[in-house]
Amino acid sequence: MEYEITKEFTNISIDTVTADIHFMLSNDGKTKVVCFERESMSHSVSVDAGTLKIVAADEREWYEYIGSFGEETVTVYLPEVEYGALTVKADTSDVDLPPPFRFTGLDISVSTGDIDCDALVSGGVKIKTTTGDIELERMSAGSIELAVSTGEIHLEEVTSAGELKFTATTGEAELENVTCKTLYTKGSTGDIELKRVSVAETMTIVRSTGDVRLERSDGAELSIRTSTGDVKGTLLTNKTFVYHTDTGRVQLPEKQSGGKCEITTDTGDIRIEIVN
């Protein structure tokens, strides 16, 4: 079903169940929403108080879900690149948000699904998925908060003017060419790798089981804590190290000065070098 939108709007709100969500730049200057629909699965599409609202009405029985995954989509065609706040709520859905779209805020929450976002956001970004991956590329935002339970987090060429915060209960995290004011990350099981990550103020990394690898990354002050993982890598500026490990080996620069770098492990090795 295709819905053509003629009323003006600033914000976008999507509330669906199992449909994958795609955004595309319109090639005819019109706003339209194309939805997968069947007799027991429809959508309400309207503009209310300056918000484009897309809401699913799902009346399917449990057996009607079998075999339908992957074919259900909601595609939003937008003629402009700049909009207000975007809110997405779904159960089992992938969300694809490509360039060149720009928003003032972003709030995406899905139970099961992958989130792929390349948009520019002037305000805050909140993305949560229980089972799925989060991938941000070539993105800038005021602040970024990410959360996954079972899945991976990948950030590449991402800039946050404020705090970058992410949690990954079970899964790896990889950041490359990332800049932010403060960084805080917490996870239970999974490695974290930071490549060329620049933090203006404090960098805090907490892991229960997993290695922490740093490649030409740094912050004014660092706090790294892991129970059974190694902490290894290279920093860009001198640090005053405070460290503790129960059974691991330690290799740190002999000359120490500058901001505090606190590293704690139970059974992991600690090996840090300073590079220009």
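Which backbone oxygen lies 2.9 Å from a polar atom of the side chain of threonine 129? I looked this up and found the backbone oxygen of glycine 113. I applied the rule for a polar contact: N or O atoms within 3.5 Å, where within protein one must be able to donate a hydrogen and the other to accept it, and residues adjacent in sequence count only if both atoms are side-chain atoms.

I note that this is a predicted model, in which local features need pLDDT of at least 70 and side-chain atom pairs count only at pLDDT 80 or more, while totals for chains, interfaces and linings use all residues. Residues are numbered from 1 along each chain as its sequence is written, and side-chain values use heavy atoms, with hydrogens and water left out.

**Threonine 129**

I placed threonine 129 in strand S14, residues 124-131; strands are DSSP runs of E of at least two residues, and helices are runs of H or I of at least four, numbered from the N terminus. Threonine 129 counts as buried because its relative accessibility is 1%. The classes are buried under 20% relative accessible area, exposed over 50% and partly exposed in between, with a 1.4 Å probe and protein chains only. I then listed its contacts (heavy atoms within 4.5 Å).

**The nonpolar core**

I took a nonpolar core as a set of buried Ala, Val, Leu, Ile, Met, Phe, Trp, Tyr and Cys residues joined through side-chain atoms within 4.5 Å. The largest one has 70 residues, of which Leu52, Leu106 and Leu136 touch the most other members. Strand S21 (residues 192-209) gives the largest share of this core, six residues. For leucine 106, not counting residues up to four places away in sequence, I recorded contacts including Leu86, Leu97, Cys117, Ile127 and Met139.

**Strand pairing**

I counted two strands as paired if DSSP finds at least two bridges between them. Strand S15 (residues 134-141) pairs with strand S17 (residues 153-160) in the parallel sense over seven bridges, and leucine 136 has leucine 155 as its bridge partner in S17.

Which residue of S21 is the bridge partner of valine 178? I found valine 197, and S19 and S21 run parallel, joined by seven bridges. S21 also runs parallel to strand S23 (residues 218-226), with eight bridges, where the partner of valine 199 is glycine 219. Four bridges join S21 to strand S22 (residues 212-215), again parallel, and isoleucine 192 stands opposite valine 212.

**Aromatic rings**

I paired rings of Phe, Tyr and Trp (its six-membered ring) if their centres lie within 6.5 Å; planes under 30 degrees apart count as stacked, over 60 as edge-to-face and the rest as tilted. By this rule the count is two aromatic pairs. Phenylalanine 9 and tyrosine 83 are stacked, at 5.7 Å centre to centre and 15 degrees between the planes. This pair links parts of the chain 74 residues apart: phenylalanine 9 is in the loop between S1 and S2, tyrosine 83 in the loop between S7 and S8. Both phenylalanine 9 and tyrosine 83 are buried. I noted one aromatic cluster formed by Phe9, Tyr83 and Phe103.
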